[in-house]
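Hi,

Here is the model I promised to pass on. Have a look, and my notes follow below.

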Amino acid sequence: MTGRPSRLRRMRRTIPPAAPLGWTPRPRPRGRGAQPKVVALGGGMGLSASLTALRRITGDLTAVVTVADDGGSSGRLRDELGVLPPGDLRKALAALCGDDDWGQTWSRVIQHRFHSRGDLHDHAVGNLLIVALWEQLGDHVQALDLVGTLLGAHGRVLPMSAVPLELQALVRGHDPARPDDVDTVRGQATVALTPGEVQSVHLVPHDPPAVPEAVEAVLDADWVVLGPGSWFSSVIPHLLVPELLDALLSTKARRVLSLNLAPQPGETEGFSPQRHLEVLARHAPKLALDVVLADEAAVPDRLSLDDAARRLGATVELAPVARPDGSPRHDPELLAAAYDRIFRMHGRIGPWR
């Protein structure tokens with residue numbers, strides 16, 4: 001055949017080199033001109049939005065992902081095989097894929113879900129790939145690094161803990177027939193959709209071990225980004241892992257909290273931006289922040305938000321970060337510009353400056 005090469009042939013030219021099974025990423029040199037080391041904590045679509053933005057401004061990016069999901073494909077694999085829920089890890093890897101043919105094709109592939117009348121229905125390809133490598137290699141981190149290499153991911157994805165976690169919440173009015181009663185609600189999927197008011201959350205087991213590489217990444221970071229995302233089920237759980245919280249308290253990195261564009265139906269219904277900060281402080285009273293990032297259109301009371309941020313040691317940065325279509329979703333380019341400005345204006349004099 002002659003003529004233009006097929007899309008698949010063009011993609012093959014950019015295939016990343018295969019990595020040996022014992023491979024782990026080497027630290028990038030920190031000489032003049034190096035980029036900031038950034039660690040992003042969260043889960044689900046909120047973390048994906050942050051990673052899609054952050055990979056545009058730094059090549060030294062690590063995602064630390066919650067592992068309490070118990071719904072959908074992840075919940076089924078967790079129940080059947082006793083593995084970590086892979087769904088949020090898969091979403092993070094997809095967000096780190098590049099914008100070239102190779103990255104975008106693999107992003108779609110691992111996000112693809114089967115539709116059938118059998119047992120494969122609604123399973124995501126990436127979930128099955130991740131779990132298969134966990135079983136083959138017997139190492140969560142090594143397997144995720146290998147998937148990242150296959151995808152050409154612009155960063156690293158780590159679970160926050162090596163054991164599956166159960167999220168439990170104290171919820172007022174979970175049963176609409178008893179609006180004043182406080183019940184214990186179990187499971188991330190149930191907590192996220194509760195019609196009641198979440199008072200607090202905790203993990204089972206109560207003191208889960210952190211993945212050592214995640215702790216090391218936080219301690220070695222220049223910036224740690226927390227949020228956006230489901231507040232009680234994706235953001236706060238990181239503060240409930242003792243070793244990870246200790247790392248967040250002792251790291252020399254600056255800490256930025258990225259607020260959601262709108263309250264989440266069920267989980268944070270009716271929450272103001274400042275209430276999100278108050279809830280965070282109740283779960284981790286010793287945690288200090290440096291910057292709180294919010295979209296100006298999502299902040300009806302700037303003075304109250306400034307006040308809440310000041311109590312956490314932080315200043316508020318307002319920036320247009322929402323998609324122009326009016327939906328409560330972050331725009332990757334706008335969010336990247338906001339992060340870049342924060343890193344340059346609020347960061348210590350660093351080797352990337």
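Which way do Leu-61, Ala-63 and Val-65 point from E2, and which way do Thr-62 and Val-64? Leu-61, Ala-63 and Val-65 go one way, Thr-62 and Val-64 go the other way, and all are buried (under 20% relative accessible area with a 1.4 Å probe, protein chains only; exposed is over 50%, partly exposed in between). In a regular strand the side chains alternate between the two faces of the sheet. Strand E2 covers residues 61-65, and five of its five residues are buried.

Some housekeeping: this is a predicted model, where local features need pLDDT of at least 70 and side-chain atom pairs pLDDT 80 or more, while totals for chains, interfaces and linings use all residues. Numbering starts from 1 along each chain as its sequence is written, and side-chain values use heavy atoms, without hydrogens or water. Helices (H or I, at least four residues) and strands (E, at least two) are DSSP runs numbered from the N terminus.

On to the sheet. E2 belongs to an open sheet of seven strands with parallel pairing, in the order E3-E2-E1-E7-E8-E9-E10; strands pair if DSSP finds at least two bridges between them. The edge strands, each pairing on one side only, are E3 (156-159) and E10 (315-318). From one strand to the next, the twist averages 20° (axes are lines fitted to C-alpha atoms, for helices over the stretch in contact, and angles run from 0 to 180 degrees between N-to-C directions). Five bridges link E1 and E2, with Val-38 opposite Leu-61 in E2. E7 (223-226) and E8 (254-258) share four bridges, and Trp-223 has Arg-254 as its bridge partner in E8.

Leaving aside neighbours within four places in sequence, Pro-159 is in contact (heavy atoms within 4.5 Å) with residues including Val-65, Val-67, Leu-84 and His-140.

Finally, a helix pair. H2 (residues 44-54) and H4 (residues 87-95) pack at about 20°, axes 8 Å apart. They are therefore roughly parallel to each other (under 35 degrees; over 145 is roughly antiparallel, 65 to 115 roughly perpendicular, the rest oblique). Residues that meet there include Leu-47 and Leu-51 in H2, and Ala-92 and Ala-95 in H4.

Cheers
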